[in-house]
Each structure stands twice: as structure tokens, then as C-alpha cells.
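Subject: Structure handover

Dear colleague,

I am passing on the structure we talked about, and below it you will find my notes on what was found. Please keep the sequence and the 3D view open while you read.

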Amino acid sequence: MCMAERKKEEKKKQDDAGFDLALRPTTWGEYVGQEKAKTNLRLIIDAAKKRNESCDHLLFYGQAGLGKTTLAYLIGKEMGVQVKSTTGPALEKAGDVAAILSNIEPHEILFIDEAHRINKLVEEILYPALESRKLHFIVGKGPSARTFSLDLPPFTVIAATTKVNLLSNPLRSRFGATIKLEYYKNEDIEKIIRQSARTMNTDITKEAVYILAKASRFTPRTANRLLKRARDYAEVYHNGSIDEYVVNKTLALLEVDPLGLEHTDRELLEVIIKKFNGGPVGVKALGAALSEEAGTIEDVYEPFLMNLGFLERTSAGRIATKRAYEHLGIPLDKQKLI
Ligand code: ADP
């Protein structure tokens with residue numbers, strides 16, 4: 001990526017972050033779907049409130065944009081406490097955690113995003129803090145080094161990750177509950193689009209909501225992003241309201257197909273089908289053919305394609321399914337009926 005492209009990408013990220021914030025649900029009622037997660041959390045919150053205690057430490061996992069951060073802030077609101085926010089990579093040294101925790105107020109929530117990127121040194125200071133509300137730190141070096149211990153007030157850590165398998169077992173075991181966020185049903189994405197359009201004061205037709213929802217990769221953040229692009233299109237080229245014509249034009253412009261596949265998703269399936277005869281193919285070979293990191297393929301593209309039923313992971317490698325051939329309009333090799 002060249003400098004100009006990187007700057008453009010960074011600007012887009014900032015715009016999206018601002019937009020995320022503007023459309024973030026501020027009440028439980030606005031938080032659509034994820035019934036299982038919400039029921040579990042309701043119980044944990046109500047029990048904590050009844051006992052006048054802090055909420056248990058919680059671990060949220062699931063794909064990016066499914067609502068982990070939003071939930072953390074909703075819990076803060078429900079418990080009537082502040083949420084302090086940081087990320088795994090921002091906590092570089094033990095001292096970074098010590099600085100945050102030694103300033104934490106009773107019952108406050110510390111939200112740690114990208115928790116799989118917390119390093120070993122930081123993990124070690126977190127263990128006693130999570131387990132027995134103790135902060136251990138060492139002052140000085142060598143033979144004169146001394147260990148001090150500080151009692152912390154009751155507090156809650158909510159950690160979020162897209163890669164729960166990368167969290168060490170000892171860290172994972174310190175959380176009172178682990179909550180998985182699932183991909184959304186299309187009707188829930190439709191609700192979110194209608195809700196966001198209302199917040200943005202933009203008219204949108206029923207057909208337009210339906211088309212946008214189908215292309216939203218089962219993910220609220222993507223739905224809101226597509227909605228925002230459609231609003232831009234409607235304001236510049238149309239009468240300001242979003243209809244079928246506007247969304248179809250917007251999706252075509254963004255090269256997003258009716259099921260939400262983008263260029264790289266299609267390329268990935270085409271490589272499996274054309275280069276590897278439909279699979280099975282190992283993720284490393286796939287990465288090399290696409291010039292993508294194996295981790296990105298596993299974390300970003302595959303979950304979505306598997307949810308659509310276009311890709312299967314087998315012990316021998318990745319396989320493109322019959323539905324993938326049909327979607328791409330590639331004739332099926334008779335031996336490859338999956
Ligand atoms: P994550 O932390 O999992 O990456 P976020 O919590 O930042 O995801 O959610 C991204 C955006 O998607 C939010 O700003 C919000 O506008 C929207 N969103 C997420 N979950 C929901 C939901 N259940 N209902 C309505 N909007 C949601």
C-alpha cells in the first residue's frame with residue numbers, strides 16, 4: 001500500500017469510528033438480536049445489582065463489528081458506572097496496567113479490546129488483579145528490588161477478542177463468564193438498518209432495507225457502513241432518500257455483490273475452484289496464491305464464507321461448495337459435488 005492509499009484507508013477508518021459512535025445503541029432496547037448473550041448478561045447484571053457488587057469479569061468473543069464494545073458500554077450504563085477503555089496492544093508494559101488499575105474507582109469497568117494481543121508480562125500482573133484484586137509491583141532492580149502489593153477496589157474487566165483461541169488458558173479461566181456473539185439473522189440486520197436510518201433522519205424504502213441487509217455480511221457495522229454510503233449516494237445523485245435504485249447503484253460502486261461478497265471473497269473462492277480444482281487446499285497455499293496472510297484468511301474471509309455455506313473447512317483443507325460454484329456462475333465439475 002502506498003502512502004496516499006494508507007492515508008485514505010486511515011481517514012476511512014476514522015470516519016467509520018465516528019459513525020460507529022454516532023449509531024451505537026445507548027439502551028438495551030436498541031441493542032437488536034443476540035438474545036442468548038443478552039439473557040446471560042441480564043442474569044449476571046441483575047445478580048450483581050441485587051448483591052450490590054461489581055459485575056463478574058467478562059470475556060466477549062466474536063467477529064469484528066458484531067457489537068462487543070457496544071455491549072460493554074451498555075453494561076456500564078446498566079450498572080451506573082464508568083467504562084475505561086484500552087486495548088491489548090496499548091498495554092505494553094506491566095506499568096501500563098498498574099497505572100490504569102491503581103486509578104480505578106470502585107465498581108468501574110475496564111474494557112480491554114483485542115485481548116488476544118495482551119503480552120505475557122501484562123498477563124502476569126492481570127492474574128492476581130482479576131482473581132483477588134491485588135496489584136503486585138516491583139520497585140528497584142537486582143538484590144535491592146522489593147515487591148509491593150496494593151489492594152484494589154471491586155472492579156470489572158470486560159475483555160473482547162476476535163480470536164479467543166489465542167488467549168492463554170490461565171487468562172481465560174479468570175473470567176466469570178465467556179459470551180459468544182454470533183452473526184446476525186437478516187431480519188435483525190434489517191431492524192438495525194431501519195433504526196440507524198431513523199437516527200440519521202434518512203428515508204429508506206422497505207425494498208432498500210431488504211437489499212442492504214442481504215449484503216451486510218450478517219454484521220451491524222457493515223450494515224451501518226453500507227447505509228452511510230447509500231445515504232451519500234442518495235444525497236449527491238438522488239433526492240436524498242434511499243430506495244432500491246440507490247442501494248443497487250451504491251453496491252455496484254463498492255463492488256459488493258447482492259450477498260455481500262467483496263472482490264477478495266470472490267477471488268478466494270475462484271482460486272480454490274480454478275487453481276485448486278475446488279479443493280481441498282491448505283490455508284497456507286491459499287494465502288500464497290492470494291498474497292494474503294493465512295491468519296487474515298482464517299479470521300476475516302472464511303467465517304463469513306462458511307456462514308453463507310460457500311466454503312467448508314475439512315481436515316484436508318478448504319473446499320468450495322456447490323453453492324459457491326452456483327453463485328459465481330462456474331459450471332460444476334461432476335466429481336466435485338459437495
Ligand atoms: P465490535 O466491538 O464487536 O467490533 P461494536 O460494538 O463496535 O462491534 O459495533 C459496531 C457498530 O455496530 C456499533 O457502533 C453499532 O452502531 C452497531 N451495532 C453493533 N451491535 C448492534 C446491535 N446489537 N444492535 C444495533 N446496532 C449494533
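In which strand does glycine 317 lie? Before the reply, please bear in mind that this is a predicted model. Glycine 317 belongs to strand S9, which covers residues 317-320. With a relative accessibility of 5%, glycine 317 counts as buried, because buried here means under 20%. If its neighbours within four places in sequence are left aside, glycine 317 is in contact with Pro280, Val281, Gly282 and Glu312. From glycine 317 to glycine 62 the distance is 23 Å, C-alpha to C-alpha, and 255 residues separate the two in sequence.

Another residue with a positive phi is glutamine 34, at about 50°, although it is not a glycine; glutamine 34 is found in the loop between helix H1 (3-23) and helix H2 (35-50). These points are worth noting because most residues other than glycine have a negative phi, and most peptide bonds are trans.

Now to the chain as a whole. The protein chain has 338 residues, and buried residues make up 46% of them. It contains 14 helices and nine strands, and its C-alpha atoms fill a box of roughly 70 × 50 × 45 Å, taken along the principal axes. Among the contacts with a separation of 6 or more, 67% are between residues 24 or more positions apart. The domain assignment gives domain 1 (34-180), domain 2 (186-253) and domain 3 (263-336), and the C-alpha centres of domain 1 and domain 2 lie 36 Å apart.

What is the order of the strands in the open sheet of five strands? The order is S2-S3-S6-S1-S7, with parallel pairing. Strand S2 (83-87) and strand S7 (177-180) are the edge strands, since each of them pairs on one side only. On average, neighbouring strands of this sheet are turned by 20° against each other, with direction ignored.

If you follow the sheet from S2, you will find that five bridges join S2 to S3, which run parallel, and that lysine 84 stands opposite leucine 110 in S3. S3 and S6 run parallel and are joined by four bridges, with phenylalanine 111 opposite isoleucine 158 in S6. Four of the five residues of S3 are buried, so S3 is largely enclosed by the rest of the structure. At the S7 side, strand S1 (residues 58-61) pairs with S7 in the parallel sense over four bridges, and leucine 59 stands opposite threonine 178 in S7. Helix H3 (residues 68-79) lies across S1, S2, strand S3 (109-113) and strand S6 (156-161), and runs at about 180° to S3.

In soluble globular proteins, nonpolar side chains tend to be buried together. The largest nonpolar core here has 50 residues, of which Leu41, Leu58, Phe60, Ile75, Ile158, Ile193 and Ile242 touch the most other members. Helix H9 (residues 220-237) gives the most to this core, with six residues. Why does this core lie between domain 1 (34-180) and domain 2 (186-253)? It does so because both domains give residues to it. For one of its members, phenylalanine 60, the residues touched include Leu41, Lys68, Ile75, Ile158 and Ile179, not counting residues up to four places away in sequence. There is also a second, separate core of 25 residues, which includes Leu59, Leu110, Ile112 and Ile125.

With best wishes

Key: Residues numbered from 1 in each chain as written. Predicted model: local features only at pLDDT ≥ 70, side-chain atom pairs only at ≥ 80, totals over all residues. Heavy atoms only, no water. Core = buried A, V, L, I, M, F, W, Y, C linked by side-chain atoms within 4.5 Å. Buried < 20%, exposed > 50% of the residue type's maximum accessible area, 1.4 Å probe, protein only. Helix = DSSP H or I, 4+ residues; strand = E, 2+ residues; numbered from the N terminus. Domains from an automatic or database assignment. Contact = heavy atoms within 4.5 Å. Pairing = 2+ DSSP bridges. Axes fitted to C-alpha atoms, helices over the stretch in contact; angles between N-to-C directions.
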